[in-house]
Amino acid sequence: MSQRKVHNLKAYRPPHFLVEQVTLTFELDPSATRVEALTHFKRHPDAPTDAPLQLHGEELQPELLEIVGQQERPHYHIENDRLTLTPPAESFTLRCVTRIAPDKNSALDGLYISGGMFCTQCEAEGFRKITYYPDRPDVMAKFRVTLIAEAQQYPILLSNGDKVATADLGDGRHSATYEDPYPKPSYLFALVAGDLALLEDHYTTAEGRKVTLQLYSEHHSIDQCGHAMQALKKAMQWEESRYGLSYDLNTYMIVAVGNFNMGAMENKGLNIFNTKYVLAAPHVATDAEYEAVEGVIAHEYFHNWTGNRITCRDWFQLSLKEGLTVYRDQSFSADIVSGSVQRIQDVRLLRNHQFPEDAGPTAHPVQPESYIEINNFYTSTIYNKGAEVIRMLETLLGWPIFRQGMDLYVARHDGQAATVEQFICCMEDASGRDLGQFRLWYVQAGTPELTFNSLYYPESQRYVLNVTQVCPPTPGQLSKAPMHIPIRMALLDPDGQPQSLKLVDGEQVLGAETVLELTTGEATYTFEGVSKAPTPSLMRGFSAPVKWDAALDREALAFLWANDNDPFNRWESGQILAVETILDMVGLTQQNGELPDLPESFAHAFETIIKDGKSEPALLALSLSLPTTGYIMDRMDKADPHLVYRVRQHVRQAVASRFRPLFLSLYGRHYSDEPYHYSPANAGARALKNLALDYLLENPEPTVLALAHKQFHQADNITDWLGAYGPLLRCGSPSSSELTHILYTRCKDSANALDKWFSTQVTMVAGPEALSLAKALTQHPDFSWSTPNKVRAVVGSFSGANPTAFHAIDGSGYGFLQEVIAQLDEKNPQLAARLCTYFTRWRRMVPELSQPMQNALQRLLDTPNLSNDTYEIVSKSLA
Ligand code: 0A1
Ligand code: ZN
């Protein structure tokens, strides 16, 4: 790691020069775009008078560099992607001309071309690939941007802010000039030029200002933008009513691009989106994607306040905008879809991605201390754990005070580049509380583990709850201090009703549910007046991002699965029961060499749930889903994916045959011939119906096969096509290749639909065949290594969603991924580095797998000219 530059939070220093105004002129040409930057610098009031000006610039050469109004050329030198210049005065304007080749930019960072249009991605450090500039978020400037391009090929020219001028240049080219009145860091700069179709609408803000909403996409997909437009309007309205914050420019633009490394980007007034999170039509997007479009549209919109108006001082503060914005988009989705379903999905995401990250070699705090490549830190820890930390603040302070803290944050820091510390100070000032210990959530990595123990004393009607917390060591942090953990809890009576709570020596009766605040390594709470032996319902709503052992027996878990009035805990209890049952069966299989029968206790509990007529269908679908192979593996010291997969499948088959009539009836009840219409209720019904079909196809006898074929042939939407096609493929139905062909013809005109055609195949075909299929699909004419969505669809799905194929005992799956990463690293380091995360769990695998996984990582480390991105993940994984 020694040769690579490490960036440290402790080394933060304010910039020597600030930028008041930057005027950019782009003469757009795919292979030779000319960029002229006129940047007006002013010395920072606290900077030493002899401090030089330092600008970032990567893969650039200045064609011209001069101080405006000065004859002689300035003294400068360029070293290690930095241009250092002796400033001529306290304030001056620098003219800099660079020439760049967007058509060669395969990293999709900076200015590049996607589907024939010019577009940009400047977060985190892409702007320095466009021109020399202080490319750091604490330098906020007003931008004026002129775009010049061939009028015929690029009729649409867009940049941040308001369009203030247009011109026909008379030589076949035209221009447009934009001004953004809000000072912003360079990472929020964006431009787009292309032949795009437009969907336009309007929104009137709470103050009565009319905002024009524009959604741009390629012509053939503009009719798929309506859902995103509705989502945008809902998000604008929601933020006004929940936070009193309105949009601040005249126009809000969103452009959908096919080649994009991430989900979307919140550039001021001009969001650029991966098409996956904009386009929605019944034959193109699944129900889950309809929901994701709403969530991501809202996320980017909410960044306008939490990210753009108030940005980050430096990249160590990334979670200041990301954790907070994820928390806000999750609350939005909870309000427009379903609070309980949203919560369960958010927790599943956290457990499947963030928990393994926190338990592995790349674990880092929500506020990291150091990094080699900032692009590696757009992680589940920064985003999802960051959101949980904000949510805990809301839990601890209560919504009204939390909202006052938010108001204070906006009032104090609007227009600034702020820090996590400043955010917490606002919450302290609004609440009058000391959040000193709470700050540990930002600086300590690792997932705390709670252990509960309890005893009921019927004579005294007292209930004693003891809890301990420990946080396992993580790289660079061997011991941890106790955290401030909110424990939302209730005590349920035998009818499942919460009993009212009163702590011994406590002044007040706490009501039916309370939040205990654990601040020490161990604490004991004694409740009095508990008239009936209770079942504790702990960590309700997943009140903290921790693991816990509630020390409940199977009977209590089954009771909670059926009766807890907290929907999250109802689901959670079923998951724990399933994990414990499967792990027991794994143990027995290891001992006896054969699969044991499904325990009756689990079957009974499952039957109660499947017969539950009260729960909303979406919730029931989640409740009946077994934990993923990955999640179960995370509970083992040394994980064997093949064994876990086998046992999990065995449980699925056992449940499926035992409850066949019940699944058939669920299927029938939720089947609909109505034309597709997305709504949370319809999506829930389809989810439950497709879950039933998925179970039924574990035993593919003729009636069930007929149902699946009928659905596949008659449905008018991709959710139902895949709901039938995926399990048919898994069960090896003889019709598979014909269905694959039919599905291809239905999907071939939509890149996003095709992505699912690719990914379903590599996910559902089990065993060694999957690898040859994945390899063959990378040769398919519709596959492209330059499109991250395609790489994720094939290579990502193979590595992340097909455990038996990826973890093939001969190491062939690892070899495939390793070769792909090594090749991709030259073209697109960000994408390559993300794929490395499939290797990071190697130490926790059984030896026959951890060795070949380690070897694959070592081969990667030995690859010449490895990017910083891939180097950082690989070297940390091996350390
Ligand atoms: N800020 C965006 C995500 C994003 C981050 C990095 C990118 O390139 C390295 C691109 C997008 C968001 O949170 O939506
Ligand atoms: Zn974000």
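Where is A124 found? A124 sits in the loop between strand 10 (117-121) and strand 11 (141-150). Helices (H or I, at least four residues) and strands (E, at least two) are DSSP runs, numbered from the N terminus. A cis peptide bond joins E123 and A124, with omega at about 0°.

This is a predicted model: local features need pLDDT of at least 70, side-chain atom pairs count only at pLDDT 80 or more, and totals for chains, interfaces and linings use all residues. Residues are numbered from 1 along each chain as its sequence is written, while chains are lettered from A and ligands numbered from 1 in the order in which they are written.

**Backbone exceptions**

Most residues other than glycine have a negative phi, and most peptide bonds are trans. Against that background, the E123 to A124 bond is cis. D505 is not a glycine, yet its phi is positive, about 70°. D505 is found in the loop between strand 27 (501-502) and strand 28 (509-511).

**Ligand shell**

The shell around ligand 1 holds 15 residues, and E123, M262, M265, N375 and Y378 come nearest. A residue is near a molecule or strand if its C-beta atom, placed from the backbone, lies within 6 Å of it. Strand 19 (264-265) and helix 2 (287-302) are the elements that give two or more residues to this shell. By class, the shell has five nonpolar, six polar and four charged residues. Here Ala, Val, Leu, Ile, Met, Phe, Trp, Tyr, Cys and Pro count as nonpolar, Asp, Glu, Lys and Arg as charged, and the others, Gly among them, as polar.

**Domains**

The protein chain is divided into domain 1 (17-195), domain 2 (196-308), domain 3 (311-442), domain 4 (449-544) and domain 5 (557-672 + 680-699). These bounds come from an automatic or database domain assignment. The C-alpha centres of domain 1 and domain 3 lie 32 Å apart. Their contact takes seven residues from domain 1 and nine residues from domain 3. Two residues are in contact if their C-beta atoms, placed from the backbone, lie within 7 Å. On the domain 1 side, the touching residues are five nonpolar, no polar and two charged.

**Helix pairs**

Two helix pairs are set out below. Axes are lines fitted to C-alpha atoms, for helices over the stretch in contact, and angles run from 0 to 180 degrees between N-to-C directions.

| Helix pair | Axes come within | Crossing angle |
|---|---|---|
| Helix 9 (residues 554-563) and helix 11 (residues 600-610) | 9 Å | roughly 10° |
| Helix 3 (residues 318-336) and helix 5 (residues 380-397) | 7 Å | roughly 70° |

Angles under 35 degrees count as roughly parallel, over 145 as roughly antiparallel, 65 to 115 as roughly perpendicular and the rest as oblique. Helix 9 and helix 11 are therefore roughly parallel to each other. R554, A558, W561 and A562 in helix 9 meet S601, A605, T608 and I609 in helix 11. That contact divides into five nonpolar, two polar and one charged.

Helix 3 and helix 5 are therefore roughly perpendicular to each other. Residues of helix 3 in this contact include L318, L324 and Y327, and those of helix 5 include I382, A387 and R391. By class, the contact has nine nonpolar, five polar and two charged residues.

**Open sheets**

Two strands pair if DSSP finds at least two bridges between them. One open sheet has three strands in the order 4-7-6, with antiparallel pairing. Strand 4 (53-56) and strand 6 (76-79) are its edge strands, each pairing on one side only. The twist averages 20° from one strand to the next. Strand 6 and strand 7 (residues 82-85) pair in the antiparallel sense over four bridges. I78 has L83 in strand 7 as its bridge partner, and H77 stands opposite T84. Strand 6 and strand 7 also form a hairpin with two residues between them. N80, in the turn, has a positive phi of about 50°.

Another open sheet of three strands runs in the order 29-26-31, and the pairing is antiparallel. Strand 29 (514-518) and strand 31 (535-537) stand at the edges with a single partner strand each, so one side of each is left without a neighbour in the sheet. Neighbouring strands here are turned by 40° against each other on average, direction ignored. Three bridges join strand 26 (residues 485-492) to strand 31. A490 stands opposite S537 in strand 31.
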